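Q: Could you walk me through this structure? I am new to it.

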Amino acid sequence: LPAMNGLTLIGTLRSEQLEFREQREHDSGMRVEARAIRASYSLSNGDAELRSLTASLLGGTMEARATVRNLLGEQLAAAHLSLNGISLASLKQLAGSSSPGAFAGDVTLEGTLQGKGDASWQGSLRNLLATGDGVIVAAAGSPHSPGALPLAGEIHASFRNRDQQLTLSKSYLRTPQSTLTLDGTAGQHSQMKLSLVCGDLHEVETIASIFGKPPQPLGLHGSA
């Protein structure tokens, strides 16, 4: 292995289609198809670098890059990922195949996700630090609801692996009449602030109808 420090490797990867499958005993499991994959990488003096990785997947595109210094020793690493136009319907399908029952089968979710994330660690992945920002523009519905409900949201998160601490800042999910905001931390010592402001409680009835037909109208009105 010490000989790797004297190894120099520079290359590119090109693939028009690549399929990732999770094999499970009782069902087909998770399946993701990537297209137009392009990558360039290098290995030199014990340092590894993914200069560029691009692909089309889940209805959108992704771009990534990463570096790992001192690959065989006290690593110093950094990585970046950006997502553009990722289909929420495809993500829902992926989540459903990975965790059956995670979503009600007849709930529809349309729209897109834009996101970016950065990660770094020193020594080992136990010291991983990561940040991420995401924006969704979507609509949710089902055969039980009178129509699709517009949704918009932003997530601004950071994660510290050493103590499994997740922090959300200025994150929200908004419908035409309601806004749910999240600020705080979750982990070994959690302190999360959730705030829900609803301009018309009748919208709660619409949201409830998306996930199942209520036995009778709730008759909610007013604000909260």
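A: A term to begin with: buried means under 20% relative accessible area, exposed means over 50%, and partly exposed is in between (1.4 Å probe, protein chains only). This is a predicted model, in which local features need pLDDT of at least 70 and side-chain atom pairs count only at pLDDT 80 or more, while totals for chains, interfaces and linings use all residues. Residues are numbered from 1 along each chain as its sequence is written, and side-chain values use heavy atoms, with hydrogens and water left out.

Q: What does glutamate 33 form a salt bridge with?
A: Its partner is arginine 35, and the closest N and O atoms are 2.8 Å apart. A salt bridge here is a side-chain nitrogen of Lys or Arg within 4 Å of a carboxyl oxygen of Asp or Glu. Shared partners join Glu19, Arg21, Arg31, Glu33 and Arg35 into one network.

Q: And how far apart are glutamate 19 and arginine 21, N to O?
A: Their side chains meet at 2.4 Å in a salt bridge. Glutamate 19 is partly exposed at 31%, whereas arginine 21 is exposed at 55%.

Q: How many salt bridges does a search of the whole structure find?
A: Nine.

Q: New topic: where is serine 178?
A: Serine 178 is in strand β10, residues 178-186; strands are DSSP runs (E, at least two residues), numbered from the N terminus.

Q: Is serine 178 buried or exposed?
A: Serine 178 counts as buried because its relative accessible area is 9%.

Methods: Helix = DSSP H or I, 4+ residues; strand = E, 2+ residues; numbered from the N terminus.
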